[in-house]
Structures are given as C-alpha cells and as structure tokens.
Amino acid sequence: VNSMQINLQLLENLTDTPIQNTRVIAVSNDGFGNVTLKSSDISGNVSDDLMPGSWSLFLDNVGTNRSLSIDTYDSPFSIADAVNGSVDLETIHADVAVLIEGTVYWDSDGDNVDLADEWIVGANMTVSSISSEFSEVVTTDGDGNWELFVPIRDVYNISISKDGYETVYYSSNNVSGFVVNDVTVVEDIEIDANNVAVSGIVTTSLPNPDLQLNGSSITLYSSSSYDRDPISIDGTYSDGTLSWSEVIVPGDWIVVVESSNLDDNGGGIAISYLDATINEGAVLEMEMVAGGWVEISTNWQDISLLDHHTGSSDSGYSMIESEVEISFDLLLGAEWNYTVDQDGEIRVLMPVGDVEMQSQFNTLQRNLTMPYSFTTMRTVEQGILDVEIDYSRKINSKTSISIDASSVTNATVNIGNPEEL
C-alpha cells in the first residue's frame, strides 16, 4: 500500500504569523490511530507521509500566555484528494487565544492599592465575546486572582458578582468592554462591598438611667485603618434602654455613646468595638459606665528650635502636610482617631481605666520631609486628665558627599574604601 505525502503551512488565524517548531497530530477517521507529524519549520511548513485513508488534523498547544488550537474533524482529507501521491493542504490556520488575568479586590481603605486582606475569594466572573458565542465563567482563587484564555482581537463583556458585593460590569477609560488584541492583558478589577445593617442597645447600672441614656449622642468612628467620616446616629430611648440602628460600609468601627448629663468630673460613656462583617453586619450590646475627661494639648519644635502646636491657628501649621489626628486604643480590637482643633487641642470623654494614645505627622522643612511622633499610656479617672503631647522628631543623619573630579587641580582623586586606599 503506497503512502501519501501531505504538505501544509501552519499560520496563526487573524495574524497570519507562521507557527514554527510545532507538531500537529493527524487523527485517522478510519480507526487506525494517531500520527504525530514532523515539526514545522521557520516558515510554518510541514511535509510528512501518511497511509491512505481519511484524516483530520488536531492541535492543542497551551503555553504560558498563549494557546493554539486546530481541529479539522468536520473537513477531513483523504487519498482521493491526492495528486501524484501528494496532498497539498495549503495553509492551515490555528485559532489563537491569549491569557487575560488579574485580581479582584475591594479597596476598603481607599488607598488605591490592592492589599492581601482586600482580595476577594470566590467571586464569579462571566466573560462573553460581543462578536461570537464565546462565554466562560471563572472563579477567583484564594488570592483573589483570575485567569482565562480568550480568542484574540475581540472585545469582551465582563461581569463580576459575589454575595455581599455590588455586581460590577467592567469598563475602562469610559469605554465599555474588555479589549483583547494579540498579547496578554493583566487587569485588576475593583468592586465595592454592599452596605450592611448594624444595630445596638445601650444599658447602664449608673444611677438614674433615664438621665444618663436619654438624649445621649451616638457616633460611629471607623478604625484608624480606614479613612471614613464619623457617623452620627439618633437613638431611641425606652424603659432604661437606648437603641440605635444604621446602614454602613462593612469594616471595623468604634461606637461611642456619650451621656448628655456631663459636668467637669465627666459623666456616662460607653465605647465598644463593632465588627460589621460583609453580607451580615453586626448587633452590639453596650453598657454605659463612668468616665473622665482627657484634655490634650500639643507641642512640636521645628528645625529652627521654635515651638508650635499642631492646630491651624499656629504659624507653623503650613509646614504640616495634613491634619493631625490622635489615635485612641482601649484594647477593644480597633483604634480610632480624633482630629485636633485649631488650637492643637482635643477634649474627649473616656471610660475610667487605661488608654493608649499615639500620634504622628510629617512636616516639610527646607525641602525635607521630617516625621514627628508620640506615644503614651495613661490612666483615666473621674475628673480631668491633662495630657501634653510633646512630639519627638526622628533624626536622619545620613550624609551624601560627591566630588566633581574635573574641578580638582594639583591633586589626585581616589574614590573607594578608605582602608584600601
């Protein structure tokens, strides 16, 4: 039985780029098995011998960022197509797909950086071509990563969904659709968590609960890790219990409930940590206890040894790069911040007990960024606790010296390790 010779050229579909150093599999449609053809040359040409019969070509070549595929089962060739014992298949085009990938995240702290605790695991991404029937669903992995091979030179609609988050439809630069050309595309996609319902009740064992709780102020402060405005809530008092509810962004919050019945010695205060989880929110039970005033003043010294406070009314305020905040930590599970007033002062009510305070800010002096910081632990009692924050400046003593060799006369310049010179 005489064999037949087949000749073909492998090209990429759409790009017409020759496919070199690639072996195509010839599949017998008569049940005689598969034959791996010779590797294509630099121009994509393949020439090999096959036994007579009906054959189809198959290729499934998946690389790191690019895949090639051929399947001619619906259009086989046979010895009947041979001329002088040779079948010229001319060009065989391989479908080309490239990798698209990225990370899905929620920028919970608003810093425009996707951190590890912001990666979204288990988000479903539907990727659909706007010009063909191609459509696939992928799920983000444990690091929020996703990847998929898609045909080149097309535009895709991408939607991302997960319980507890907004459903997002991808767009970039005000253009709807995910554009794929001939190379890998890496794109991180941000989605937002849905707001959640939180609520709480406040009780007290202090004398006269009606006087302590009725009319109390309720404020939610975000953890120091987030840049969010405080939220003031109107509570409802009834029969010894103050209740409240709100819809907020998920995350770590501190709830501060302050009695309206205050004097110079302090008054009733309740402060608790609120873990508002995604898709669930939180319910909080609090108890109002006795508290005392913490009155803070601030002082820092510039590079000319002049003293300033951190408020906007000070002449040195223009050197401070942003508003100065003081962080309070009651070991509840999160810290929260208060911003100093125009005189660089803060007056807040804290529960009786230990409180840690810390603060830091940067100044710009003589075109140099200079950091200042302060940390202290104090014990609050009923009455007034005066705290004077005297910021210390971190000293950077690094010195850099360079020599312009062209300016040196009547001397030799040697640069290197002093011990070796």
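## Buried or exposed?

A residue is called buried when its relative accessible area is under 20%, exposed when that value is over 50%, and partly exposed in between. Keep those cut-offs in mind as we look around this model, which is a predicted one.

## The whole chain

Let's start with the big picture. The protein chain holds one helix and 33 strands. Its C-alpha atoms fill a box of roughly 110 × 90 × 40 Å along the principal axes. A compact globule of 421 residues would have a radius of gyration near 22 Å, while this chain comes in at 35 Å.

Of those 421 residues, 40% count as buried. If you take contacts between residues at least 6 apart in sequence, 63% of them join residues at least 24 apart. As for charges, there are 12 positive and 68 negative ones, and their mean positions lie 10 Å apart.

Most residues other than glycine have a negative phi. You'll find N112 in the loop between β7 (86-105) and β8 (124-129). N112 counts as exposed because its relative accessibility is 65%, and the cut-off for exposed is over 50%.

L331 also isn't a glycine, and it has a positive phi of about 60 degrees. Look for L331 in the loop between β27 (325-329) and β28 (336-339). With a relative accessibility of 71%, L331 counts as exposed.

## Two buried loop residues

Which loop holds T15? T15 sits in the one between β1 (4-12) and β2 (25-28). Its relative accessible area is 19%, so T15 is buried; remember that the limit is under 20%. The side chain of T15 makes a polar contact with the side chain of E12 at 2.7 Å. Setting aside residues up to four places away in sequence, T15 touches I152, R153 and D182.

S259 belongs to the loop between β23 (251-258) and β24 (267-276). Its relative accessibility is 2%, so S259 counts as buried. What does the side chain of S259 reach at 2.9 Å? That would be the backbone oxygen of Q212. Q212 also turns up among the contacts of S259, along with L211, S216, G268 and M288, once neighbours within four places in sequence are left aside.

How values were computed
Residues numbered from 1 in each chain as written. Predicted model: local features only at pLDDT ≥ 70, side-chain atom pairs only at ≥ 80, totals over all residues. Heavy atoms only, no water. Helix = DSSP H or I, 4+ residues; strand = E, 2+ residues; numbered from the N terminus. Buried < 20%, exposed > 50% of the residue type's maximum accessible area, 1.4 Å probe, protein only. Polar contact = N/O pair within 3.5 Å; in protein donor to acceptor, adjacent residues only side chain to side chain. Contact = heavy atoms within 4.5 Å. Rg over C-alpha atoms; globule rule 2.2 N^0.38 Å. Lys, Arg positive; Asp, Glu negative; His and termini not counted. Charge placed at Lys NZ, Arg CZ, Asp CG, Glu CD.
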